Amino acid sequence: MKSEKPFSGDAVQIEQGRGGLSRRSILLTVGGVAALAAAPEVAAQSISERPPSPSTRRFRLVVNGNQHEFDLDPRRSLLDVLRETLDLTGTKKGCNQGACGACTVLLNGRRIVSCLALAAMHDGAEIRTIEGLETNGELHPLQTAFVEHDGLQCGFCTPGQIMSGIGCIAEGHANTPDEIRFWMSGNICRCGAYPGIVAAVADAAKGA
């Protein structure tokens, strides 16, 4: 026996000719009507849920003493602006979730994880990155201390460690090794160079 296409008029006529609509034909008909009724709603929902296209806005940052003005998507993180727009790749993108500290910079003198900071929310702020630490070709005292105390191995986390260490010293949280460990605990070193990092921060804190 030839099978009829669902929802077709022929299929319904055949069922009627057999003495009325069967349960199968009723279900097929009702299902087809429901599907057609839901289609416009699904289409409208998919259109309404599309994310709006971002509009750029103008804002200003002072990075390592240099003023920059941008027309950028306000959803961009400070980390991405530093790395992708200003090409300051010393600030590392690690977890991109604020958990590892590799992207630590100083914002108006206070240390922050730049991956969680929207650049547009800090219009006019002063940012200092690892590239802005040297003075007339001389390393920052904490950079020198990191070298002297072997406070690095692979070096990926080192820029964030140094920037966080500078903030830790400025906050007055570098008086003892235990205090340094506690206040630097947001910066992860996967190589395990913590003894050298603590020693370097403690050494630099003496001359601060």
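The stops below begin with the overall fold and end at one side chain.

This is a predicted model, in which local features need pLDDT of at least 70 and side-chain atom pairs count only at pLDDT 80 or more, while totals for chains, interfaces and linings use all residues. Residues are numbered from 1 along each chain as its sequence is written, and side-chain values use heavy atoms, with hydrogens and water left out.

**Whole protein.** Display the cartoon first. The protein has 7 helices and 5 strands, which are DSSP runs numbered from the N terminus (helices: H or I, at least four residues; strands: E, at least two). From the N terminus, their order is α-α-β-β-α-β-β-β-α-α-α-α. Of the 208 residues, 35% are buried (under 20% relative accessible area; exposed is over 50%, partly exposed in between; 1.4 Å probe, protein chains only).

Next, select residues 57-63, strand 1, and residues 66-72, strand 2; the two run antiparallel and are joined by 7 bridges. Strands pair if DSSP finds at least two bridges between them. Within this pair, Arg-58 stands opposite Asp-71 of strand 2. Then select Asn-64: the hairpin has 2 residues between its strands, and Asn-64 adopts a positive phi near 50 degrees.

**Arg-57.** Finally, select Arg-57, in strand 1. Leaving aside residues up to four places away in sequence, Arg-57 touches Phe-70, Asp-71, Leu-72, Pro-74, Ala-120 and Asp-123; contact means heavy atoms within 4.5 Å. Ala-120 lies 63 residues from Arg-57 along the chain, with 8.1 Å between their C-alpha atoms.
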